[in-house]
Amino acid sequence: MPKPNPASVNSSPISTPLSLAVVGAGPAGLALALLAAQLLPQARISLFDARPLERDVSGDPRTLALSLGSVQLLQRLGVWDATQAQAIAQVRVSQAPPTLQHPVFGRSQEPEVLINAAEQGVAQLGAVLSYGQLVAPMQAAWQARVAREPQRLFSHFGAPVQGIKPLADAGVEVDAGIAERFDLAVVAEGGVFSDQARKAITHDYQQNAWVGTVTLAEDSPAGVAYERFTRNGPLALLPLRPLIANGQIQRRAALVWCMPKAEDEVAGLSDAQRLQVIQHLLPASVGRLQAISPLKCFALGLNAERTLVDGCTVRIGNAAQTLHPVAGQGLNLGLRDAYALVEALRRAAANSKSANDPISNKASLVQAALRQVEWSRAPDRWATIAATDFLAKTFAWRWPGLPLARGLALAALQALPPLKRSLARNMMFGRR
């Protein structure tokens, strides 16, 4: 993402300031609110969330995998704490048997793609941390900013939005107990697939994701993320920041283990059995697994809107598209949506001062920005949706030769540096 230049944003000739409602105080909504407060100094911004402000979110253990572009955006917002995150230095994507016996894969007899941060000329490919470790500082930064600018920034926690209604004269009415008019509403309230109302494009993969934490051996490689393609679905380990107890380093990784519902017997396994199965599925380079936490199960599916924009309402993050976790791009896509929207509004405001492209009123400004967002985000958004959907569906296929084809694709990626470099850039920054 190019670094914004706040100094380029001056007072708009439009008589009244832009009013923006942000619905949802998760990572995507908070990032958008903070960025808008920074880059749109004349705008009035209201943040709504059903969660009471006094509820402590810092202990929420859900794991988030952030791309390098997302990390850089959060650094610019001043909400990134590197001491709480585990940097990803290497990503290893491989396939479990039955492709092991094919001679094309070389001596290792295993198709694998290795992506190193140093190889890509960056300090890290991304980072992993818990939901609470990210959202708590973002929420604190927003509240601090609201305290400094109470005339234009507003928090409405414990205020669930009951409806958003388009208005005939442009703008929207947001009902959170009291109806209020805004020039633009951004919905960043997503939730999980099983709880969502179905959108325009939807597909139930008939798969479960079992998530939790595994403890690794002390000598396990640090900062390595593993994606393992198995017969039943992808199995991922995301490196977590080590714990130190009694002078001993305890290496940990977040687990995402996908299984078809029709063949899912994970619930009936003991912890020891789960650990044994996972160990068998993973490559030897992971090392010996020591322990496993209780696992939670989530249904997986695709649930996406055809467009981000609907009148004067924009949906971002899971509110726009809920994806399979195979590529780990859901939140990163939402953060790129947030950045693109605020940058489009900033540019439209700047153009409103230009004789070459005058924008005489707020409605025109908003529509100019929304046209830009819809156009600019489409390639990245649809490429990510399509790639994720294709990968997810292939695990339901039982075609002869499919594992071999997938293995050949991995071998080709590893053997062709330009192709691997392109994949790495897409992982870090999305499609540009």
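Gly430 counts as buried, at 5% relative accessibility; buried means under 20% relative accessible area, exposed over 50%, and partly exposed in between, with a 1.4 Å probe and protein chains only. Before I go on: this is a predicted model, where local features need pLDDT of at least 70, side-chain atom pairs count only at pLDDT 80 or more, and totals for chains, interfaces and linings use all residues. Residues are numbered from 1 along each chain as its sequence is written, and side-chain values use heavy atoms, with hydrogens and water left out.

Back to Gly430, which sits in the segment after helix 8 (417-429). Helices here are DSSP runs of H or I with at least four residues, strands are runs of E with at least two, and both are numbered from the N terminus. Leaving out residues up to four places away in sequence, Gly430 touches Arg336, Asp380 and Arg425, contact meaning heavy atoms within 4.5 Å. Its C-alpha atom is separated by 9.5 Å from that of Pro379, 51 residues apart along the chain.

Next, the helix pair. Helix 1 (residues 27-39) packs with helix 5 (residues 330-351) at an angle of about 25°, the axes being 9 Å apart. That makes the two helices roughly parallel, a label for angles under 35 degrees; over 145 is roughly antiparallel, 65 to 115 roughly perpendicular, and the rest oblique. Axes are lines fitted to C-alpha atoms, for helices over the stretch in contact, and angles run from 0 to 180 degrees between N-to-C directions. Helix 1 contributes Pro27, Ala28, Ala31, Leu32, Leu35, Ala36 and Leu39 to the contact, while the residues from helix 5 include Leu331, Gly334, Tyr339, Glu343 and Arg346.

Now Thr230, in the loop between strand 14 (224-229) and strand 15 (234-245). What does the side chain of Thr230 reach? The backbone oxygen of Gly233, at 2.6 Å. Thr230 is buried, with a relative accessible area of 7%. Leaving aside neighbours within four places in sequence, Thr230 is in contact with Ala96, Leu235, Leu281 and Phe395.

Last, two backbone entries. Ala170 has a positive phi of about 80° although it is not a glycine; its place is the loop between strand 9 (163-166) and strand 10 (172-175), and at 25% relative accessibility Ala170 is partly exposed. Gln206, also not a glycine, has a positive phi of about 55°. Gln206 lies in strand 13 (residues 201-216) and is partly exposed at 43%.

How values were computed
Polar contact = N/O pair within 3.5 Å; in protein donor to acceptor, adjacent residues only side chain to side chain.
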